[in-house]
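The sequence and structure are shown below.

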Amino acid sequence: MTSPPSVVLLGAPGTGAQALCAALERHPATTSVRLAWGHTLDDTADPALANDAGGPTVLLMGLDQPCPDSDRLAQEAADAELRSALARAGVSYRVVYGQGAQRITSALNAIKNIAPRAYLSSGSGHFEPDTDPSATRTARLRAWNCEKCSDPECEHRLFTALTGRDSQRG
């Protein structure tokens, strides 16, 4: 029997990795996925995760959550160290942004895109975002390979464009 795929949520302190992990554990689309979270790669050094064929799917929390100014520099340093550790280990990842339900939807879409066997019965539509069916879809920015880029300026431009697009819909 094949073990279920693993998804590891990593993020600097205060970026919501634990909260997102708890929300995903309650979501029907992730019932066949092993979830773990941590602030460093060592936090998730679970042998069960390492046994996943090809390694676990890694979601990195973006730095878009509210953070006190006094903690911002430490959070950014922890995020930079985490990205460096992922690069040194050769681990590809996706960055997850958003608040509340938007972040859950972003994580589910990332899981669907980079861990296709994470949810085997895709016909039930659990991965479809909970959006207004009458809302028009906007064009995607570009099909970048961002999980391998790690360029903070590129990531910032993408995030700013996405949040700007959402505020224009508002």
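Predicted model: local features only at pLDDT ≥ 70, side-chain atom pairs only at ≥ 80, totals over all residues.

Residues are numbered from 1 along each chain as its sequence is written, and side-chain values use heavy atoms, leaving out hydrogens and water.

Helices (H or I, at least four residues) and strands (E, at least two) are DSSP runs, numbered from the N terminus. Buried denotes under 20% relative accessible area and exposed over 50%, with partly exposed in between (1.4 Å probe, protein chains only). In helix α1 (residues 17–25), Ala 17, Leu 20, Cys 21, Ala 23 and Leu 24 are the buried residues. They lie on the same side of α1 because they cover an arc of only 165° around the axis, taken from the directions from the helix axis to the C-beta atoms. Exposed Ala 19 and Glu 25 are carried on the face of α1 turned away from its buried side.

| Cysteine | Relative accessible area |
|---|---|
| Cys 21 | 3% |
| Cys 67 | 18% |

The count of disulfides (cysteine sulfur atoms within 2.5 Å) is zero.

In strand β3 (residues 57–61), five of five residues are buried. Thr 57, Leu 59 and Met 61 point one way from β3, and Val 58 and Leu 60 the other way. Pairing requires at least two DSSP bridges between two strands. Strand β1 (residues 6–10) pairs with β3 in the parallel sense over four bridges, and Val 7 stands opposite Thr 57. Four bridges also join β3 to the parallel strand β4 (residues 93–96), where Tyr 93 is the bridge partner of Val 58.
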